[in-house]
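Please keep the structure open while you read.

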Amino acid sequence: MRRPVIGISGNLIPIENDGVFTGNLRQYIHTDYTSSVERAGGTPLLLPVSDDPEVIRAHAQLCDGIILSGGADVDPILYGEEGIQGQGYSMREIDVYDMELFRAALKQKKPVLGICKGLQIINICFGGTLYQDIPSQREHCIKHTQNTERYQGTHKIRIKEDSVLHGLLPDGTFVNSWHHQAVKDVAPKLTVTAVASDGVVEAAEYMEEGQFIMGVQWHPEMMASCGNAEQLGIFKELVRRCSQGESEQ
């Protein structure tokens, strides 16, 4: 059986101080994503940002599963709000691509794993909203933007017992954390499956009609690529679901 192809949504970054190429946009993903997919038994594929609906549908069709990667803040206009002072940099073109890619994967019944911003995109697509800036919009918060190595967990999560995530990680797992936005109003179709000690949503799942959709607020790819076997299990589950889907076709 061939290795499932896992498409990873890309990001855009302006090129700086590079002669005639200065100002051009570069498509990229961090190698922690590709490394984790490879270690889990999948074949990673970078999906470049596009505004062409036909291309986006083809991206989803090419892949057995999708990872919505992390990135900058989500444009609040996309969930019906104006920006507050704490809202950070966003690029709407990336957000719209991620949302349309997710919708295409949902329609094609492809397994989806959302990471950090990816969880937030899933929540928005299902009708939820975000905290634009956790420190200014919630009281008594723990630190959600760590100042330590990317592979180190810095805060615990409480995991819902009857969830897919509970079968992959033990309750009380320490996770890493680099975000100041988070799920606010949870979309009706999503089930929250993990929270931090301050109540911030750390994971959510959608398993209706046998479809696998999971979002996590931390960065398991950073931990998995550095040897964390438990976090690698999240990617193995995605690959397994993709392989299962292939066998049912």
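**The whole chain**

Please bear in mind throughout that this is a predicted model. The protein contains seven helices and 13 strands. Its radius of gyration is 17 Å, close to the 18 Å that the globule rule gives for 249 residues, so the protein is as compact as a globular protein of that length. Of the 249 residues, 52% are buried. Among contacts between residues at least 6 apart in sequence, 69% join residues at least 24 apart.

The accessible surface comes to about 11,500 Å², and carbon and sulfur atoms account for 50% of that surface. As for charge, there are 22 positive and 33 negative side chains, and the centres of these two sets lie 4 Å apart.

**The nonpolar cores**

How many residues does the largest nonpolar core have? The core has 34 residues, and those with the most contacts inside it are Ile66, Leu68, Leu101, Phe102, Val112, Ile122 and Phe126. Two or more residues come from each of helix H2 (53-62), strand S5 (65-68), helix H3 (92-107), H4 and strand S12 (201-206). H3 gives the most to this core, with seven residues.

Leaving aside residues up to four places away in sequence, Phe102 touches Leu68, Val112, Ile122, Cys125, Phe126 and Ile213. Apart from this core lies another, of 29 residues, which includes Leu113, Ile115, Ile159 and Val164.

Is H4 mostly covered or mostly uncovered? Helix H4 (residues 117-125) is mostly covered, with nine of its nine residues buried. The buried residues include Lys117, Gln120 and Asn123, along with Leu119, Ile121, Ile122 and Ile124. After H4 comes Gly127, whose phi is positive, near 105 degrees.

Most residues other than glycine have a negative phi. Lys109 is not a glycine, yet its phi is positive, about 55 degrees. Lys109 sits in the loop between H3 and strand S6 (112-115). Cys116, also a residue other than glycine, has a positive phi near 55 degrees. Cys116 is placed in the loop between S6 and H4, and Cys116 counts as buried because its relative accessibility is 5%, under the 20% cut-off.

| Residue | Relative accessibility | Class |
|---|---|---|
| Pro220 | 0% | buried |
| Val112 | 1% | buried |
| Ile13 | 37% | partly exposed |

Val112 belongs to strand S6. Which residues does Val112 touch, not counting residues up to four places away in sequence? They are Ile66, Leu68, Phe102, Ala105, Ile122, Phe212, Ile213, Met214 and Leu238. Val112 and Lys189 are 77 residues apart in sequence, and their C-alpha atoms are 15 Å apart in space.

Pro220 is found in helix H6 (residues 220-224). Not counting residues up to four places away in sequence, Pro220 touches Ile115, Gln231, Ile234 and Phe235; Ile115 is also among the residues of the 29-residue core. The C-alpha atoms of Pro220 and Ser177 are separated by 9.8 Å, and the two residues are 43 residues apart along the chain.

Ile13 lies in strand S2 (residues 11-14). Ile13 and Lys189 are 176 residues apart in sequence, with 33 Å between their C-alpha atoms.

Note on methods. Residues are numbered from 1 along each chain as its sequence is written. This is a predicted model: local features need pLDDT of at least 70, side-chain atom pairs count only at pLDDT 80 or more; totals for chains, interfaces and linings use all residues. Side-chain values use heavy atoms; hydrogens and water are left out. Helices (H or I, at least four residues) and strands (E, at least two) are DSSP runs, numbered from the N terminus. The radius of gyration is taken over C-alpha atoms; the globule rule is 2.2 Å times the number of residues to the power 0.38. Buried means under 20% relative accessible area, exposed over 50%, partly exposed in between (1.4 Å probe, protein chains only). Contact means heavy atoms within 4.5 Å. Accessible areas come from the Shrake-Rupley method with a 1.4 Å probe; for residues, only the protein chains shown count as cover. Lys and Arg count as positive and Asp and Glu as negative; His and the chain ends are not counted. The place of a charge is taken as NZ of Lys, CZ of Arg, CG of Asp or CD of Glu. A nonpolar core is a set of buried Ala, Val, Leu, Ile, Met, Phe, Trp, Tyr and Cys residues joined through side-chain atoms within 4.5 Å.
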